[in-house]
Amino acid sequence: MGDVEKGKKIFVQKCGQCYTVEKGGKHKTGPNLHGLFGQKTGQSPGFTYTDANKTNGITWGEDTLMEYLENPKKYIPGTKMIFAAGIKKKAERADLIAYLKKATDE
């Protein structure tokens, strides 16, 4: 799909302030993302989600993340995700998703 190393740089620049990916990592402004793929939204134990995230029934995968990361507030109306701008470039989203797929499964 994308380039893992480029995706890691994007994560550090755009996501790392609010999210962690390692197993047992702490929640920040956003939840720890370990085990993200195949997980339904709003399910990371110990994190307080909005009702929008808890009840929409979306399961995270490459396709759902591709759409979500482009415009989070449009994809899940009512989310408290503060990165409202999203990531407009499809290649950047693909790189980030490739990194997340690897990093959240280690």
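Trainee: What volume does the largest pocket have?

Mentor: Start with the general idea. Rolling a probe the size of a water molecule over the atoms shows where empty space is left. Now this case. The model is predicted. Its largest pocket has a volume of about 590 Å³.

Trainee: Which residues are the closest to the centre of that pocket?

Mentor: Look for Tyr19, Pro31, Leu33, Tyr68 and Met81. They belong to a lining of 35 residues.

Trainee: Which elements give two or more residues to the lining?

Mentor: Three helices do: α1 (4-15), α3 and α5. The most comes from α1, with four residues.

Trainee: How do the lining residues of the largest pocket divide into nonpolar, polar and charged?

Mentor: Count by class. There are 19 nonpolar, 13 polar and three charged residues in the lining.

Trainee: Now the helices. At what angle do α1 and α5 pack?

Mentor: The angle is about 95°, and the axes are 7 Å apart. Angles of 65 to 115 degrees count as roughly perpendicular. So α1 is roughly perpendicular to α5.

Trainee: Which residues meet there?

Mentor: From α1, take Val4, Lys6, Gly7, Lys8, Ile10, Phe11, Lys14 and Cys15. From α5, take Glu92, Asp95, Leu96, Ala98, Tyr99, Leu100 and Lys102. By class, this contact of α1 with α5 has eight nonpolar residues, one polar and six charged.

Trainee: How are α3 and α5 placed?

Mentor: Helix α3 covers residues 62-70, and helix α5 covers residues 90-103. They pack at about 130°, with axes 10 Å apart. The two helices are therefore oblique to each other.

Trainee: Is the crossing of α3 and α5 left-handed or right-handed?

Mentor: Their crossing is right-handed. On the α3 side, the contact is made by Glu62, Leu65, Met66, Leu69 and Glu70. On the α5 side, find Lys90, Arg93, Ala94, Leu96, Ile97 and Lys101.

Trainee: How many residues of each class does the contact of α3 with α5 have?

Mentor: Six are nonpolar and five are charged, with no polar residues.

Note on methods
Residues numbered from 1 in each chain as written. Predicted model: local features only at pLDDT ≥ 70, side-chain atom pairs only at ≥ 80, totals over all residues. Heavy atoms only, no water. Axes fitted to C-alpha atoms, helices over the stretch in contact; angles between N-to-C directions. Parallel < 35°, antiparallel > 145°, perpendicular 65-115°, else oblique. Left-handed = near helix turned anticlockwise from the far one by under 90°. Contact = heavy atoms within 4.5 Å. Nonpolar A, V, L, I, M, F, W, Y, C, P; charged D, E, K, R; others polar. 1 Å grid on protein atoms, 1.4 Å probe; cavity = no way out; pocket = protein on both sides within 12 Å on 5 of 7 lines; lining within 4 Å. Points joined across faces, edges and corners; volume = space filled by probe spheres on them.
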